Amino acid sequence: MAIEMFVDVSAEVEADVGAARNDAQGQFAALVGWLVEPGKRRLWDVEEGLGVRLRSLGCALLALWFASRRAPSAPRCVVGPDKRRYRWRGSRKTVVKAMVGAVAFRRDFYVVGSGKRGDTFVPLDSELGLQPAGFSLRTTCLAVFLCAKMSFAETRSTLQHFCGWAPATKSLLQMTDQVGPLARPFLEGQPALSEDGEYLFVLADSKGIPTITDTEMSRRRRPHTKRRRNEPGPKWRRRRRKAARRERRKKGDKSKNAKMANVGVIYTLRVTAGVIEGPINKRVYGTFRNMENLMSWLHAEAVKRGYGTKRTVFLADGDRKIWKLQQKYFPKATACLDWFHVSEKLWSIGECLYAEGTDELADWVSAQLADLRAGRIHQLVRRLQRLATTLPRSGPGTRGKRKRMKQGIGYLKKNKDRMPYDDLRRDGLDIGSGAVEGAVRQLGMRLDGPGMRWSPARAEYILQLRCIVINGMWQKFEDYVADHAHSAALRPIRPEGLGSTHNAHRKKAA
C-alpha cells in the first residue's frame, strides 16, 4: 500500500477561515453599531473605547489573514533550513504577538527525532517571516527601537500605555540580542553619500559605562534565599541581608567599574555663496572594543566620504592614545586640539596667579586666549614659563599651585603642534569637539543610568543600535533586518559572550 506524500487538511483550513471571517465581520459590525449608538458621549470616552475595539478588530483581521495563508495540504516530510528531514506531527493553535496584540492561529508542525525543544520546524513561520520567539518582526523592531532610546522598564511601560500590551523584560533582552548583531554590519555597509560638503571633520572621544563584575554576576546567578518553613519574617530578612553583604571598597577601587565606550563622529561642512554651512550628514559610531578598532572603522568611513582628497580636520581632547592613533590612521588630516579643553587649562593656570572669580583673572585669561587665537603659541608658552618662576616657594597652597601650573604648561607644550586655531578660524572652520561631546552625552544617557550594570557584549549592541537611532537611519535598518530575518543572526540562541563581565583596573590610591 503506497504512502500518501501529502496530508489533506483542507477541511480544517476551511473551518478556521470561516470562523475567523465570521469573527472579523461580527467585530466590525459591532464596532460600527457602537459608534452610531445614540446618547451623549465625550470624545475622550470614544477615543478610549475605539482604541480597544480597533486593536481587537486588528487581531481578528490578522487571524483571518493567517488562516488563509495555510495550505490545504501538508507534505508528510520537509527539509528544514538545517538540511535535516522533518516529519509532519499534526497542527496546533499557537499565539503570535503582533503590533495589534496576541493573535492565535493554527499551524502545521514538523519534528525530527523525538521532537524535543529545538527539533521542531514550522514552514509557515519561514514563509510569513515570523520569529521563533513568538513576536512578529515589526513588533520586535519597535521594541528594540524603544530599548535603544530608553531603559527596558520604560520600554515596557510605553508599550503598555500605547499598545495595550507589553513583553516581559526577558523577552526585550532576547529581542535586543537577536537584532543587535546586525547593527554594526548595517553601519559598515552604508554606501558613500552623494551630496556632501567640501571639508571633512573626524572627531573621537570616550566615556566610561558601568559594567558588571565577576562577583556581582555570580551573586545574581545564585538561587534566591528562600524562606524556611515557620521562619519568622525578621529572621528571614536578616539572613538575606547577611547573604548579600558586600565588602567595603578599598582605596583605589572603582565604584562604577567602568568600561570605556569609544565614540567617533564624522561630518562635513559646505561653502555656499561664501558662507560655511553644516554640519552635513553627521554620523555617529561607537564600540566598546579598543580605540584602535574605532579609529580603523572611522578611517574606512572617512575614505568613503573623501578622506585623502578633501581637506580633513581631526578634532579630539588631549588623550595621548587618540593622537597616537591619529598619526597612524589620519596622517593627512590637520590635527586640532579641542579649543574648550585648552581654555580650561588656561583658566586653571590663571587661578594659580589670580584669585578665582576676580576681574583680573578674567582679563588675564582673555589676553592669553587672544594669543592662542592669533597663533602665538610659542610666545604664550614662554610667557607662562616665566610666570611660573614668580610663584612663591613657600606659603599655604603654593605647592599645589606650582604643581598645577607645571602640569598646565606641560599640556600646552605637548600639544602646541595641534593648535592651528588661526588657520582654521580664518577659513571659518570648527575648532571645538562639541559634536562628539554631544554624541557621547546622548549615548551615555541610555547606558549610564541609575543602577545600570551592563555586560560588555549587550552594551555593544545597545550602543550601536542607539548610534543608528541618532543617525536617523532606523527605517533603513528595519528594512535591513527584514532582509536578514531568516539568517542565523535572528535565531533565539543566546549569543556567545552576553554573560561576560568586566573588572576595571584599580586606580592608585591617593
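Here are some questions and answers about this predicted model. Residues are numbered from 1 along each chain as its sequence is written, and side-chain values use heavy atoms, with hydrogens and water left out. As the model is predicted, local features need pLDDT of at least 70 and side-chain atom pairs count only at pLDDT 80 or more, while totals for chains, interfaces and linings use all residues.

Me: Is F28 buried, partly exposed or exposed?
Reply: Let's start with the cut-offs: buried is under 20% relative accessible area, exposed is over 50%, and partly exposed is in between (1.4 Å probe, protein chains only). F28 is found in helix 1, residues 10–35; helices here are DSSP runs of H or I with at least four residues, strands are runs of E with at least two, and both are numbered from the N terminus. Because its relative accessible area is 48%, F28 is partly exposed.

Me: How many aromatic pairs does a search of the whole structure find?
Reply: Rings of Phe, Tyr and Trp (its six-membered ring) pair if their centres lie within 6.5 Å; planes under 30 degrees apart are stacked, over 60 edge-to-face, and the rest tilted. Searching the whole structure gives 16.

Me: What is the angle between the planes of F314 and F330?
Reply: With 16 aromatic pairs found in the structure, let's pick one: F314 and F330 are 5.6 Å apart, centre to centre, and count as tilted. This pair links distant parts of the chain, with F314 in strand 10 (residues 311–316) and F330 in the loop between helix 11 (320–329) and strand 11 (334–337). F314 is buried at 0% relative accessibility. The angle between the planes of F314 and F330 is 35°.

Me: Why are F477 and Y480 about one helical turn apart?
Reply: Both sit in helix 19, residues 474–483. They're separated by about one helical turn because their spacing along the helix is 3 residues.

Me: Which ring does the charged end of R53 sit over?
Reply: A charge sits over a ring if NZ of Lys or CZ of Arg is within 6 Å of the ring centre and within 35 degrees of the ring normal. For R53, the distance to the ring centre is 4.1 Å, and the ring belongs to W34.

Me: What is the relative accessibility of T176?
Reply: T176 lies in helix 6, residues 169–179. Leaving aside neighbours within four places in sequence, T176 is in contact (heavy atoms within 4.5 Å) with residues including V144, F152 and Y461. T176 counts as buried because its relative accessibility is 0%.
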